[in-house]
Amino acid sequence: MKIVFFGTPEFAVPTLERLLATPDFEVLAVVTQPDKRRGRGNQMVPSPVKTLALAHQLPVWQPTRVKKDTETLAQLRQAGADAFVVVAYGQILSQKILDMPKIGCINVHGSILPQYRGAAPIQWCLYNGESQTGITTMLMDAGMDTGPMLLKAYTPIGLLDNAQQLGETLAQLGADLLVETLVKLERQEIEPIPQDSAKATYAPPIKKPDYNVDWSREAIAIHNQVRAFFPDCTATFRGNPIKIIATAPLGADYWHQLPPKLKALEQNWPAISSHSGRPGEVVSIAKGIGPIIQTGSGLLLLQQIQPAGKRPQSGWDFANGTRLSVGEIFETANSQP
């Protein structure tokens, strides 16, 4: 089967690797987003998909707007592909492009459709505290993740899983499912199933305010925000910006889902939970573990923190390094102490 692959971030790499490693498939070319300037040196950096494609000496096409780029459109038409495979490419394909391959355009989407259509399905399913997610392969149409579904694969979500970890799991799951989907499509063993749009939910692009931690929310809601938007959630401490990298909600509802080191807090829970403060206040500092913060409802352990200009560090190292005291306040970002 002759394939043109569309993809950009690390999430798409395992699927391309699987296609390249499977003799039944021939990847003719790769379409990816233009290189971007990144880092302190402001150097042009290729996408992870481009890096892999070049390592395999594949043609790489990087149109700024694929729908309008006449050269890329001509190349796609001339390729004579059986299928276009699209994994987190980052641009919407026109109907003209969707109609080019013989079998169609197959998308690997990081959710169980019709839930979490859109740009950030992994992040928003974590934000909403889902206990399960998965991958859906679908035949693309001109809508935003609205095409008929082909196959699905599921995976549970652990309480402490963050977007990076879940993304890695789903990327491997997607690679497996895509190969199965292509094989079954060629054998005509799949009947595409239309999506029920009445059950659709959306996963919009993440915006800067989404990263701001509001300590007046519930502990579990803050925890879900931190792991969803890992590693970029921000707060203020002693007047300076700080990133909250990893947290854990504490209490009877969560002990059974926490690792042994954190379960040790259960023994001291009567003493810890007897303290209270205003949202954002340090009510306890667990030795060897880290600061415990009062939220709008419930207590939250800060497992990993990144002060401005420094590397991420454990909550315990942060408490030691700053000589943190019970009663100090973590503020919502952009608010004054």
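Student: How many bridges join strand S1 to strand S6 (residues 83-87)?

Tutor: Five bridges join S1 to S6, and the two strands run parallel. Two strands count as paired if DSSP finds at least two bridges between them. Strands (E, at least two residues) and helices (H or I, at least four) are DSSP runs, numbered from the N terminus. Within this pair, Phe-5 has Val-85 in S6 as its bridge partner.

Student: What should I know about the model before I go on?

Tutor: It is a predicted model, where local features need pLDDT of at least 70 and side-chain atom pairs count only at pLDDT 80 or more, while totals for chains, interfaces and linings use all residues. Residues are numbered from 1 along each chain as its sequence is written, and side-chain values use heavy atoms, with hydrogens and water left out.

Student: What is the order of the strands in the open sheet of seven strands?

Tutor: The order is S5-S2-S1-S6-S7-S9-S10, with mixed pairing. Strand S5 (60-61) and strand S10 (149-156) are at the edges with a single partner strand each, so one side of each has no neighbour in the sheet. S5 is joined to strand S2 (residues 26-31) by two bridges, and these strands run parallel. There, Val-31 is bridged to Trp-61.

Student: How does the chain cross from S1 to S2?

Tutor: First, the pair itself: S1 and S2 are parallel over five bridges, with Lys-2 opposite Glu-26. Between them the chain passes through helix H1 (residues 13-21), and this β-α-β crossover is right-handed. Right-handed means that, with the strands pointing away from the viewer, the path from the first strand over the helix to the second runs clockwise.

Student: Why is helix H7 called largely enclosed?

Tutor: A residue is buried under 20% relative accessible area, exposed over 50%, and partly exposed in between (1.4 Å probe, protein chains only). In H7 (residues 219-228), nine of the ten residues are buried, so the rest of the structure largely encloses this helix. Among those buried are Ile-222, His-223 and Arg-227. The buried residues of H7 pack against helix H5 (121-127), helix H6 (163-186), strand S13 (240-249) and strand S16.

Student: How far apart are the end C-alpha atoms of H6?

Tutor: They are 33 Å apart, which agrees with the 34 Å that its 24 residues should span. The expected span is 1.5 Å times one less than the number of residues. Just after H6, Gln-188 takes a positive phi of about 60°.

Student: Which residues have the most contacts inside the largest nonpolar core?

Tutor: They are Phe-5, Leu-19, Leu-182, Trp-215 and Phe-330, in a core of 64 residues. The largest share, nine residues, comes from H6. Such a core is a set of buried Ala, Val, Leu, Ile, Met, Phe, Trp, Tyr and Cys residues joined through side-chain atoms within 4.5 Å. Leaving aside neighbours within four places in sequence, Phe-330 is in contact with residues including Trp-215, Val-282 and Ile-293.

Student: Where does Val-282 stand?

Tutor: Val-282 is opposite Ile-293 in strand S15. Strand S14 (residues 282-286) and S15 are antiparallel over four bridges, and in their hairpin, with three residues between the strands, Gly-288 has a positive phi near 75°. S15 also pairs with S16 (residues 299-307) in the antiparallel sense, over three bridges. All five residues of S15 (residues 290-294) are buried, so the rest of the structure largely encloses that strand.

Note on methods
Contact = heavy atoms within 4.5 Å.
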